[in-house]
Amino acid sequence: MQEKQKKWILRIALYLIGIMVLALGITLNTKTNLGVSPIISMPYAVAQIFGYETGTAVFVAYLIFIVLQIVKFPPFQLLQVAASYLTSAFITIFDRILQAPDQMGMRLLVLVLAIILTGIGAAATVDVNIVPNPADGLARVLGECCGKNMGFGKNLFDFSAIVISLAIGFIGTGRPVGIGIGTVIAMVCTGRVIAAFNHFAKKKIEEITSPE
């Protein structure tokens, strides 16, 4: 097998692992009952209010995120639709098999793990340079539009998502839906996890997966 083919297989494998890690982190954040991850706060609020499955609502939201990226990347990336489907499918699977912890101490530990996994998964899917997860692709676009890195874009995306989610919750039920202290902590920390991961691992990932 040629070296170029081996690197493509490695890139695809790392990409799929990144999607799984991202979906696991997002789902664990939800299971803490301390507030969902900002990345799915908007579709989660819609799903809870109208009775949809979270994975389905996430898939629809991701399609919207793909459209928003056309401003920066005019070619419509159909591969992002596949990435959306995979991510939402893994979220649905993990949501069905994982249980919420009872004790507060365990919830906080799960929250820390969820934030770390979400940051690593988000960074990995972007670093292999196949096609980013739609939410993280939009975060990258926001960072670039502001002259900053993806970590900054992630913080901006998360803050905007929380504000919109609060609006959806108050309009639909008169109260916040899915927003809690865990959401705020994830908003502050996930972007920093991405920045830290990229600082230590991005160049290495690019070296071992570059087809050149």
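Two salt bridges turn up in this structure, which is a predicted model. As a general point, side chains of opposite charge can pair when their charged atoms come close.

One of the two bridges joins the side chains of Asp-95 and Lys-31, with 3.2 Å from N to O. This pair reaches across distant parts of the chain: Asp-95 sits in helix H4 and Lys-31 in helix H1, 64 residues apart. Asp-95 has a relative accessible area of 31%, so it is partly exposed. Lys-31, on the other hand, comes in at 14% relative accessibility and therefore counts as buried, since the cut-off for buried is under 20%.

The other bridge brings together the side chains of Arg-96 and Glu-53, at 2.9 Å from N to O. Here Arg-96 belongs to helix H4, while Glu-53 is found in the loop between helix H2 (41-50) and helix H3 (54-68), so parts of the chain 43 residues apart in sequence are tied together. Arg-96 counts as exposed because its relative accessibility is 60%, and Glu-53, at 38%, counts as partly exposed.

Next comes the loop between helix H4 (79-97) and H5, which is where Gln-99 is placed. With a relative accessibility of 66%, Gln-99 counts as exposed. Gln-99 and Thr-32 are 67 residues apart in sequence, yet their C-alpha atoms are 9.2 Å apart in space.

Helix H1 also has a partner in helix H5. The axes of H1 (residues 3-31) and H5 (residues 104-127) come within 7 Å of each other and cross at roughly 150°. That angle makes H1 roughly antiparallel to H5, because anything over 145 degrees falls into that class. As for its hand, the crossing of H1 and H5 is left-handed.

On the H1 side they are Tyr-15, Gly-18, Ile-19, Val-21, Leu-22, Leu-24, Gly-25, Ile-26, Leu-28 and Asn-29. H5 contributes Val-110, Leu-111, Leu-113, Ala-114, Ile-115, Leu-117, Thr-118, Gly-121, Ala-122, Ala-124 and Thr-125. Sorted by class, the contact of H1 with H5 holds 15 nonpolar and 6 polar residues, and no charged ones.

How values were computed. Residues numbered from 1 in each chain as written. Predicted model: local features only at pLDDT ≥ 70, side-chain atom pairs only at ≥ 80, totals over all residues. Heavy atoms only, no water. Axes fitted to C-alpha atoms, helices over the stretch in contact; angles between N-to-C directions. Helix = DSSP H or I, 4+ residues; strand = E, 2+ residues; numbered from the N terminus. Parallel < 35°, antiparallel > 145°, perpendicular 65-115°, else oblique. Left-handed = near helix turned anticlockwise from the far one by under 90°. Contact = heavy atoms within 4.5 Å. Nonpolar A, V, L, I, M, F, W, Y, C, P; charged D, E, K, R; others polar. Buried < 20%, exposed > 50% of the residue type's maximum accessible area, 1.4 Å probe, protein only. Salt bridge = Lys/Arg side-chain N within 4 Å of Asp/Glu carboxyl O.
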